[in-house]
Amino acid sequence: MGKIYADEYQCSSQKKLSDKFLTTKTPIVLKNYVSEWPLTKIAKNSITDGADYLLDFYNDTPVNVVVGDAEIEQRIFYNEDFSGFNFQSLTTSMDNLINRILQYKESKKPPTLYMASTSIEKWLPGFSQDNDIILDKEDVLGSIWIGNRCRIAAHFDLPSNIACCAVGRRTFTLFPPDQIANLYPGPIDFAPGGQPISTVDLKEPNYKKFPRFKEALKNSVVVELEPGDAIIVPSMWWHHVESFDELNILVNYWWRESPKFMGNPSAVLNHALLAIKQLPTDQRQAWREMFDYYIFDENNGDHSHIPEKAKGILGKLDEMNARKIRSMVLNQLNR
């Protein structure tokens with residue numbers, strides 16, 4: 001795969017996005033997509049007024065925030081030996097977080113202050129009435145992220161995502177899923193945001209330690225977003241996010257293309273680590289063939305040689321079949 005460029009479109013959040021956008025396999029930038037949001041317009045004139053506007057919707061429910069010393073240089077990451085993280089997690093109020101961010105707005109080396117994905121519906125009731133998008137998808141999850149200057153390591157999400165840059169500037173550096181080996185992922189079960197992250201420092205990459213990262217950069221997409229812009233991040237695309245201003249607010253919307261009854265693929269990966277990874281080479285190869293036949297090879301997926309009524313869990317995946325498979329898996333795990 002060679003160098004990829006993100007398509008750019010002028011678009012308004014007041015118009016429904018077509019399937020062309022929602023099913024994209026590569027990132028798409030939506031210029032001025034949320035530029036008419038009250039939050040975006042107010043904050044462009046005054047950061048303080050923008051913060052006050054947002055907090056008018058806040059219902060005083062405590063939020064989880066990240067605090068890092070100035071020495072981490074805005075990089076939210078592990079500590080030196082990966083025994084923990086380079087930040088502290090604490091619970092506070094959203095207004096206290098924003099007030100602290102604004103206290104440091106003139107500082108050249110402020111501490112890193114960051115609130116990750118927080119439900120808009122639960123914490124900011126009423127905000128979406130005038131600050132929302134038209135998305136023809138079921139079970140859309142709207143979240144808000146607030147912080148000062150920070151760097152979020154490259155990671156992936158299973159759902160597709162529209163990230164709306166409401167306040168402050170951001171740069172997204174994105175990598176297609178086939179670049180995973182060149183990103184040097186960290187631990188699966190111990191990561192700052194729950195998902196595995198790239199262990200390469202994008203700002204100062206150590207090519208001696210991470211030589212393959214040069215190939216990842218050749219296949220990357222770099223997108224600079226101004227307040228009011230948005231980006232569509234397709235499912236499983238790795239993305240590094242850097243925010244630049246004294247106050248940065250991002251609103252994003254996640255959705256899955258698959259039915260709710262389908263399982264989480266991460267559970268399959270975890271079980272494969274338990275059941276397959278340490279098998280002898282010949283057995284692992286046999287299971288690779290098994291997965292190709294039943295899961296990945298579309299040419300072998302119809303099982304037309306089996307009578308329809310006898311296909312069992314190889315039949316159409318619907319809610320009833322999903323429950324049957326889930327029950328089988330649970331029984332096997334409990335043996």
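In which sense do β3 and β6 pair, and over how many bridges? In this predicted model, local features need pLDDT of at least 70 and side-chain atom pairs count only at pLDDT 80 or more, whereas totals for chains, interfaces and linings use all residues. Residues are numbered from 1 along each chain as its sequence is written, and side-chain values use heavy atoms, with hydrogens and water left out.

β3 and β6 pair in the antiparallel sense over 3 bridges, where pairing requires that DSSP find at least two bridges between two strands, and strands are DSSP runs (E, at least two residues) numbered from the N terminus. Strand β3 (residues 63-68) is also joined to strand β5 (residues 88-92) by 5 bridges, and these two run antiparallel. V66 stands opposite S89 in β5 and opposite Y114 in β6. Of the 6 residues of β3, 5 are buried, that is, under 20% relative accessible area with a 1.4 Å probe and protein chains only.

Within strand β6 (residues 112-119) lies T118, which is buried, with a relative accessible area of 6%. The side chain of T118 reaches the backbone oxygen of A116 at 2.8 Å. Leaving aside residues up to four places away in sequence, T118 touches V63, W123, G142, S143 and I144, contact being heavy atoms within 4.5 Å.

The structure holds 0 disulfides, a disulfide being a pair of cysteine sulfur atoms within 2.5 Å. For C11, which is in no disulfide, the nearest cysteine sulfur is that of C164, 10 Å away; C165 is likewise in no disulfide, with the sulfur of C164 nearest at 9.1 Å. C165 is buried, with a relative accessible area of 0%.

Definitions and conventions
Buried < 20%, exposed > 50% of the residue type's maximum accessible area, 1.4 Å probe, protein only. Helix = DSSP H or I, 4+ residues; strand = E, 2+ residues; numbered from the N terminus. Polar contact = N/O pair within 3.5 Å; in protein donor to acceptor, adjacent residues only side chain to side chain.
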